[in-house]
Structures are given as structure tokens and as C-alpha cells.
Amino acid sequence: MHFHGVLEYFPFSHSIHTYKPVYQNKQREVLQEKMVRGKTQMRRIENTSSRQVTFSKRRSGLLKKAFELSVLCDAEVGLIIFSTTGKLYEFSSSSMNKTIGRYMRNAKELGNGKPAIQDNLKDLKEAAVSMSKKIEFLEVSKRKLLGDCVESCSVEELHQIEEQLETSLSNIRARKNLVFKEKIQHLKEEERILAEENAKLRDKVENQLPRRPSITLQLGQREIPEVDTGLFIGPPGEIAVN
């Protein structure tokens, strides 16, 4: 009864062992057909609406991938897309004109057999000049804050330097006071902890010492006999006669 829907195509004289390979081959063929139908064939889509939908989806995905490549890898990316109707879609991580100009220079240098490093050298030179100007400005500002090279400063520049120094001094004093307060608070906390430990140790020592019983001496009334010590008290030359 389990194979009723399939065994009706075969004579009842066939055994189950004959049926199984045929059924498995049938399943394999169906699976292969599904896999073939699931693949996208690389050819022009004839249906206009399907072609437009596919273009819209693939265009958005391509623009997204270009953006991710420029951000994640710090690359200069330029992407230009024209639809079948002539509509322009573009993406540039910096400037499209700059990217196209760079491409044209590199293509020209590669066509002439020259190394494509002129553009990189130019960018590096510009960056070096800009950095040297910033360093020079910082050095001059540092010397002025230290009191050097102030002869050529105007009254406004001197006033700005004075305000900067006062602000810096105020910030330094506020930070110093805060550090002192934190240090004092820390020392007070340590003092409290030590006092508690000292009290605990004192109680522990007092509990461990044994208590001594008090001794009370009682003297009864006893007669003390006279004792002849042989001592004489009087002027010299006299001898006591008993």
C-alpha cells in the first residue's frame, strides 16, 4: 500500500528491488532539472519589464558594493552606468572629474611605457608641504607661549597669548586642586582603615591575656619578742651595763 501510487506503472511481477533504482533515477533527474532552472543564464532578457526590474536590482547592488569598497579599503572608486534609455547613474568616492583625470593620466603613462607614479609623487609633495606648514605654525605658537619671539607681535596677538596662558594656568590649578583633594580623601580613608584594624588588634590582645586573681594580705595581732642586738646608743667611752 505504501507504493501504490508508483507501482501501478510496473507489472506486479516486478519485485521491490527492481523498483528502487528506477525511482531513485527519477528523483535524480527531477533534481537536476530544478538546479538547471534555478541558474541565471547569461544572455539578454527578452521581456522588457523583467529586464528593467533586473537592471534596477543589479544597479543598486553594484552601487552599494562600490561604496563599501571605497569605505572599507580606503580606495578611490568611480562607477558610471548608462541604462538602455540613456539615463546616467554614477558613484564617486571623491570627485568624478578627479577620478577620470587620474585614470586618463595613468592610461596615458601606461600607453607610453612610463611608470604610473607621477600622480602619487605630486600628492605626496602636496601633503609634505602642507604638513611642514602646520609644523612651522605650531613651533611658532609654542615659542610665543614660552615668551620667545614676541617682539614682532601686535597688541591683539599679545592679548590672545595672555588669555591662552591664563586659561591654561586656570586649568592647571583646577586639576592640581582636584588631585590634592583626591589624595587627601585617599589618606583619610587609609587612616580610617588603620584605626579600625588597630582597634580590632587591641580587642584581640585584651581577650587573649589571662586575668590575675587579687591577693589580700591580712596580718593578725602577734606579739613580737624583744631581741638583744648588742648595739649601744650613747656618748663614746660608755659601755652599757645590763
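Tutor: Helices, as the term is used here, are DSSP runs of H or I with at least four residues, numbered from the N terminus. The model under discussion is predicted.

Student: Which helices each supply at least two residues of the lining of the second largest pocket?

Tutor: This pocket has a volume of about 190 Å³. Its lining includes Phe137 and Leu145, and also Glu157 and Gln164. Residues 118-145 form α5 and residues 155-208 form α6. The helices that each supply at least two lining residues are therefore α5 and α6.

Student: How many residues of that lining come from the helix with the largest share?

Tutor: The lining divides into four nonpolar, three polar and two charged residues. By helix, the largest share belongs to α5, with five residues.

Student: How do the residues that line the largest pocket divide by class?

Tutor: The largest pocket has a volume of about 280 Å³. Of its 10 lining residues, the closest to its centre are Gln41, Met42, Arg43, Ile45 and Thr54. The whole lining divides into three nonpolar, three polar and four charged residues.

Student: Which side chains of strand β1 are buried?

Tutor: Buried means under 20% relative accessible area. Along β1, residues 78-82, the side chains alternate between two faces.

Student: Which residue in β2 is the bridge partner of phenylalanine 82?

Tutor: β1 pairs with β2, residues 88-92, in the antiparallel sense over five bridges. The two strands form a hairpin with five residues between them, and glycine 86 in the turn has a positive phi of about 90 degrees. In β2, the bridge partner of phenylalanine 82 is leucine 88.

Key: Residues are numbered from 1 along each chain as its sequence is written. This is a predicted model: local features need pLDDT of at least 70, side-chain atom pairs count only at pLDDT 80 or more; totals for chains, interfaces and linings use all residues. Side-chain values use heavy atoms; hydrogens and water are left out. On a 1 Å grid over the protein atoms alone, a cavity is a set of points where a 1.4 Å probe fits but cannot get out, and a pocket is an open set with protein on both sides within 12 Å along at least five of seven lines; lining residues have an atom within 4 Å of a point. Grid points are joined across faces, edges and corners, and a volume is the space filled by probe spheres set on the points. Ala, Val, Leu, Ile, Met, Phe, Trp, Tyr, Cys and Pro count as nonpolar, Asp, Glu, Lys and Arg as charged, and the others, Gly among them, as polar. Buried means under 20% relative accessible area, exposed over 50%, partly exposed in between (1.4 Å probe, protein chains only). Two strands pair if DSSP finds at least two bridges between them.
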